[in-house]
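Trainee: I am new to this structure. Please show me how to read it.

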Amino acid sequence: MNTLLIIDMQNAWLNNPAQPCFDSAAIVGRINHAARQVRAQGGKVIFVQHSDADAPIGSAPWQVITALEKDAADSTLLKLAGDAFAATGLAAQLAASATSTLYISGFATEFCIDTAVRAAASRGLNVVALSDAHTTADRPHLDAPAIIAHHNWVWSGLPVPAGSSLAVRTTAEAFPA
């Protein structure tokens, strides 16, 4: 079974005019496409929601942005750290659903997305980082497109343990229309 992680696509970060995210409307469209494809193939979609002082659990900033399509069968995972596997039931959920390929999308490329890609691959999973379905904001030292390009490049050559794989694919490559 395929599983799609949609990480931290929440109001606190995606609807922050002080730090706009790169290409967010197009990225939301690609995430929605990937989610529809995974669901149509009988796979699982997991919305990962980060909670901190800027996004307390249950608050408006904590909510997933309304532009993302949610289905009643989708699940939600709460995380309190940058790693979606840390002190969460994610690994157990993936094992219980017999996930064969884990697709990763969301926010923020250089923090939670990078950590999820590396953590999943180190756990022996077959990981696909959706190269055009993750975003971030400009940072003082680097703009968002450069951060995204850098991480896609790193992941495409990152050595992973035997028994796992890591691929970087566009959404169209992973989920042809």
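Trainee: Which residue in E6 is the bridge partner of Val127?
Mentor: Leu166 in E6 is the bridge partner of Val127. Helices (H or I, at least four residues) and strands (E, at least two) are DSSP runs, numbered from the N terminus. Two strands pair if DSSP finds at least two bridges between them. Here five bridges join strand E5 (residues 126-135) to strand E6 (residues 165-169), and the two run parallel.

Trainee: What should I know about the model and its numbering?
Mentor: This is a predicted model: local features need pLDDT of at least 70, side-chain atom pairs count only at pLDDT 80 or more, and totals for chains, interfaces and linings use all residues. Residues are numbered from 1 along each chain as its sequence is written, and side-chain values use heavy atoms, with hydrogens and water left out.

Trainee: What is the order of the strands in the open sheet?
Mentor: The six strands run E3-E2-E1-E4-E5-E6, with parallel pairing. E3 (75-79) and E6 stand at the edges with a single partner strand each, so one side of each has no neighbour in the sheet. On average, neighbouring strands are turned by 25° against each other, direction ignored. Such angles run from 0 to 180 degrees between N-to-C directions; axes are lines fitted to C-alpha atoms, for helices over the stretch in contact.

Trainee: How many bridges pair E2 with E3?
Mentor: Five, in the parallel sense, with E2 covering residues 44-50. Ile46 stands opposite Ser75 in E3.

Trainee: Which strands does helix H2 touch?
Mentor: Contact means heavy atoms within 4.5 Å. H2 (residues 24-40) packs on the sheet and touches E1 (2-7), E2, E4 (101-107) and E5. Its direction makes about 145° with that of E5. Helix H4 lies across E1, E3, E4, E5 and E6, at about 170° to E4.

Trainee: At what angle do the axes of H4 and H5 cross?
Mentor: The axes of H4 (residues 109-122) and H5 (residues 144-157) cross at roughly 15° and come within 11 Å. That makes H4 roughly parallel to H5, a label for angles under 35 degrees.

Trainee: Which residues meet there?
Mentor: From H4, Thr109, Glu110, Ile113, Asp114, Val117 and Arg118 meet Ile147, Ile148, His151, Val154 and Trp155 in H5. They divide into six nonpolar, two polar and three charged. Ala, Val, Leu, Ile, Met, Phe, Trp, Tyr, Cys and Pro count as nonpolar, Asp, Glu, Lys and Arg as charged, and the others, Gly among them, as polar.

Trainee: Where is the cis peptide bond?
Mentor: A cis peptide bond joins Phe107 and Ala108, with omega about -10°. Ala108 is in the loop between E4 and H4.

Conventions: Parallel < 35°, antiparallel > 145°, perpendicular 65-115°, else oblique.
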